[in-house]
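Please read it alongside the sequence and the structure.

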Amino acid sequence: MALCGVCSTPNLPNLQVFRSVRNSSIGLKRNHGLWQSTSSFRAKVVKFHCSSSLRPSSSNVEEIDEDVDNNPSVSLDGESANVMQFKWSDFKILNCVSIGHGGRADELVFEAIVQVPDSPLFNQGVVLRKLNTTRAQRRGRRAIEVFKKLVRRRLLYHSYSMQVHGYITNNLSDDQYSFTLVHGCHGSFSIRHWLQQSDWLPTLEATLALDEESFRRVGDDTTGGPAVSRQLRLIRILMRDILIGVNYLHSHGLAHTELRLENVHISPVDRHIKVGILGNAADFNGDGPSTSSAYSTMDRRQMMIAFDMRCVGFMMAKMVLQELMDPLIFAKLKSFLAKGNDPSSLREFFVTTLNTNSESGNTGVQILDRNWGAGWHLLSSLIATRPSKRISCLDALKHPFLCGPRWRVAPSMDIIRWGLGSTAVKISEEYIYRMPQRQRLAHFIGLMEMLNPYPKPNCWLELLPGRWRLLYSTGKHIGLTLRQPSTRALIGNVHLTITRASESANNTSLSFTSDIGFTAITSKDWPHNKIGATGKLETLSQFRLIAGKRLYLKEEKKNIGKFSMGEPDAEEGLAEKLETEKWKKVVPFKEFPSSLPVAKLISGDIEVTMNMNDRIDSPGSVIGEVRKQIPPEMFDLSKLVCGTYIDSRLLVLRCVNGSALLFTRSSLDHMSM
C-alpha cells in the first residue's frame with residue numbers, strides 16, 4: 001500500500017502520516033561496528049569515488065530488537081568518500097508524497113530534486129526517506145553501511161539495488177532523533193503496484209521496452225503470442241533479475257531478509273530489478289553459534305539464504321498466480337504450509353482453492369504446467385518445508401522453468417521424475433481414456449516405477465502417511481459409463497487415507513481407509529443440476545509393510561492374456577524406450593531388469609461402512625452401482641499387493657491383477673472432514 005498525500009511545506013520534521021502496516025521481525029543479528037556516537041556533522045557534499053580499502057568492522061553485533069537510543073547519530077569519519085551529506089536546503093521538495101517506495105508507519109517518503117550545482121546529482125530526482133523511530137533509523141544506517149561494504153563492485157550494486165546517495169544532516173531546530181536517508185528514484189512503481197494495475201502486462205512490457213534481444217537473454221526466440229506466453233517470458237525476465245541480485249548479496253556475505261513485492265522496484269532506465277535499499281541486510285558472520293534448535297542443525301549462512309529463497313518463492317507465486325495478491329487467499333497458502341503440507345502438492349491445493357472464474361482465469365496454472373510442470377517444481381523447491389531442501393540462487397537460474405527453449409538444460413533426475421509424474425497427472429485430468437491415452441499413461445507409470453527414488457520400506461513408512469486422491473486406474477475406468485443403470489450414482493472424490501500405528505522404526509503397521517464420495521440420483525432421468533442424496537462409502541483395513549520384489553516374466557508374456565497388468569504392450573514398449581540413447585543416460589541400469597524392489601503390502605481384516613445424509617429406498621443397489629464405477633481395489637483393499645513408486649507428491653500401488661492405481665497427495669485440511 002502506497003503513501004499518498006500532499007506536502008505544502010518543506011518543513012518535513014513537523015509532518016505526520018498515519019498508516020497501518022504490519023512489519024515482521026526476524027531473529028537475525030546485525031553488524032553495527034561502523035556507527036559511533038558523535039555530536040557533529042559535516043555539511044559539505046562529498047563526491048563519490050571507489051575505494052578498495054574500505055571494510056566494515058564486524059567486532060560488534062546486536063539483536064534486531066535491541067534498543068539503540070544511545071546511538072541516534074552517524075559517524076562517517078574515515079569513510080566519508082562513499083556517501084554524500086546533505087542539508088534540507090539542498091533540495092527542492094516536490095508537492096507529492098512518493099508513491100510505490102514501500103513507506104512504513106515509521107517513515108515519511110518524499111521525492112525531491114537536488115539543487116546544489118556542485119553536486120554530481122544536480123537536477124536529478126531522489127527519494128528522501130525520513131526515519132522517525134530507532135528501528136527505522138537503524139535501517140537507514142544499515143543501508144549506508146551495506147553500500148560501503150559493496151562499493152568495490154559498484155556497477156553490480158547499482159544494477160540490482162537502489163542507489164544510496166547519503167543522508168541529511170540535522171539542524172539544531174530539527175528533531176535530534178530523526179534520520180533522513182537519500183537514495184535513488186527508480187520510477188514510482190514497485191512490482192506489487194505493477195501487478196495491481198488492470199493492464200499491467202502490456203504496460204510493463206512497454207515500460208521495459210522489451211524486444212527480441214531482451215527475450216534472447218532468457219533463452220526465448222519468439223515475441224508476442226498469447227497472454228500465457230507473454231507473461232511467462234516476462235516472469236522469466238523478472239525472476240532471473242531478482243535471483244541475480246539476491247545471489248550478488250549472498251556472494252558478499254549478506255542476506256536481504258526483506259524480499260517482498262513492495263520492496264522490489266523496476267527501473268525503466270536500465271531495465272533492472274532493484275531489490276531495495278538493503279536497510280535490513282544481515283551479515284552471515286555472527287559472533288558465535290546460537291543456542292536455538294534451528295541453528296543447531298544448520299549454520300547461520302544456510303539459514304539466512306534459505307529464508308531469502310523462501311521469500312523469493314512467495315514473490316514468484318504472487319507474480320504467476322495473481323489471485324494470491326488477495327490477502328485472504330495468500331493467508332490460505334500460508335495456512336496450508338503451516339499445517340505441514342508438502343509444497344510439492346501445491347498444484348492440488350491451488351486447483352481446488354483458486355477461483356476458476358476469476359478475471360485472470362487459470363493463466364497462472366497454465367504457466368506453471370508448461371514444460372512438464374517445471375514451474376511447480378521450482379516453486380516447491382523455493383518454499384520447501386525444510387530449509388536445507390530449498391534451492392539456491394545459482395541452481396534456480398539453471399532451472400528449466402527460467403530457461404527458454406533456446407537454452408538446452410540438462411535436467412536432473414529429480415526434474416525428470418517430476419516431468420513424468422506431471423505429464424501423467426495432466427493426461428488423467430483430461431478424462432479422455434481412449435487406447436492412445438491409456439497406453440501413454442501406462443507407459444509413464446512404468447517409467448516412474450523404473451525411476452522410483454525410494455525403494456526401501458523405511459522410506460515408504462515416512463512418505464506413505466497422509467491423504468491421497470485417486471487419479472487413474474490402468475485396469476478400470478473411474479466414474480460414469482455408457483450403461484443405463486436402474487439406480488444412478490455420481491462418483492465424487494475417491495481418497496485413500498493412510499495412517500501409521502506408531503512412530504517406532506520397528507513398527508511397520510499401517511491403517512488404510514478408502515473413502516468414496518458419491519451422490520445417489522433418485523429421479524428416473526439425470527437432473528441438470530445433479531442434485532441427489534449424498535453419501536460416503538468407507539473401507540478400513542490394516543496392513544504390514546515389508547520389502548519385496550516385482551518380477552518381469554518376459555517368457556510368460558504371451559500366456560498372460562487380458563491379465564497382463566491392464567495394458568497389453570506396456571512392458572514391451574517400456575523396454576524399447578529404455579534401450580534408446582536418451583534414456584540410457586538416465587536410468588540406473590543398462591538393460592531391462594528382471595525385477596525391481598517394491599514395498600510389499602500384507603493386508604488384514606476389512607471393515608466396510610456407508611453413511612448417507614438423506615434416506616434412500618434401496619441402499620443396496622446404490623452400493624452396487626458405486627462398486628461398478630470404481631476400481632474394485634478401492635472397495636476390497638486386500639487386493640492391493642505392493643507399492644512401486646512414491647515421492648512427496650505421487651503414489652503408485654499395484655493390485656493383484658497387475659493393474660496400477662495412480663494417486664496424488666491431497667491437502668491435510670480435508671483429513672478431519
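This is a predicted model: local features need pLDDT of at least 70, side-chain atom pairs count only at pLDDT 80 or more; totals for chains, interfaces and linings use all residues.

## Helix packing and cysteines

Helix α13 (residues 413–430) packs against helix α14 (residues 435–450) with the two axes 9 Å apart and at an angle of about 155°. Because angles over 145 degrees count as roughly antiparallel, α13 is described as roughly antiparallel to α14. The crossing in which α13 passes α14 is left-handed. On the α13 side the contact is formed by L420, G421, T423, A424, I427 and S428, which meet Q437, R440, L441, F444, L447 and M448 of α14. Sorted by class, the residues of this contact comprise seven nonpolar, four polar and one charged.

The α6 residues that make the contact are V228, S229, Q231, L232, I235, R236 and M239, while α11 contributes T363, Q366, I367, R370, N371 and L382. By class, the contact of α6 with α11 holds six nonpolar, five polar and two charged residues.

The two pairs are set side by side below.

| Helix pair | Axis distance | Angle |
|---|---|---|
| α13 and α14 | 9 Å | about 155° |

Of the 673 residues in the protein chain, 52% count as buried. Among the contacts in the protein chain with a separation of 6 or more, 75% are accounted for by residues 24 or more positions apart.

How many disulfides does the structure hold? The number is zero. A disulfide is a covalent bond between the sulfur atoms of two cysteines. For C642, the closest cysteine sulfur is that of C655, and because the two sulfurs are 8.6 Å apart, they are too far from each other for a bond; the cut-off for a disulfide is 2.5 Å.

Is C642 buried or exposed? With a relative accessible area of 9%, C642 is buried. C311, at 14% relative accessibility, also counts as buried, because the cut-off for that class is under 20% relative accessible area.

Terms used
Residues are numbered from 1 along each chain as its sequence is written. Side-chain values use heavy atoms; hydrogens and water are left out. Buried means under 20% relative accessible area, exposed over 50%, partly exposed in between (1.4 Å probe, protein chains only). Contact means heavy atoms within 4.5 Å. Helices (H or I, at least four residues) and strands (E, at least two) are DSSP runs, numbered from the N terminus. Ala, Val, Leu, Ile, Met, Phe, Trp, Tyr, Cys and Pro count as nonpolar, Asp, Glu, Lys and Arg as charged, and the others, Gly among them, as polar. Axes are lines fitted to C-alpha atoms, for helices over the stretch in contact, and angles run from 0 to 180 degrees between N-to-C directions. Angles under 35 degrees count as roughly parallel, over 145 as roughly antiparallel, 65 to 115 as roughly perpendicular and the rest as oblique. A crossing is left-handed if the near helix is turned anticlockwise from the far one by less than a right angle, and right-handed if clockwise.
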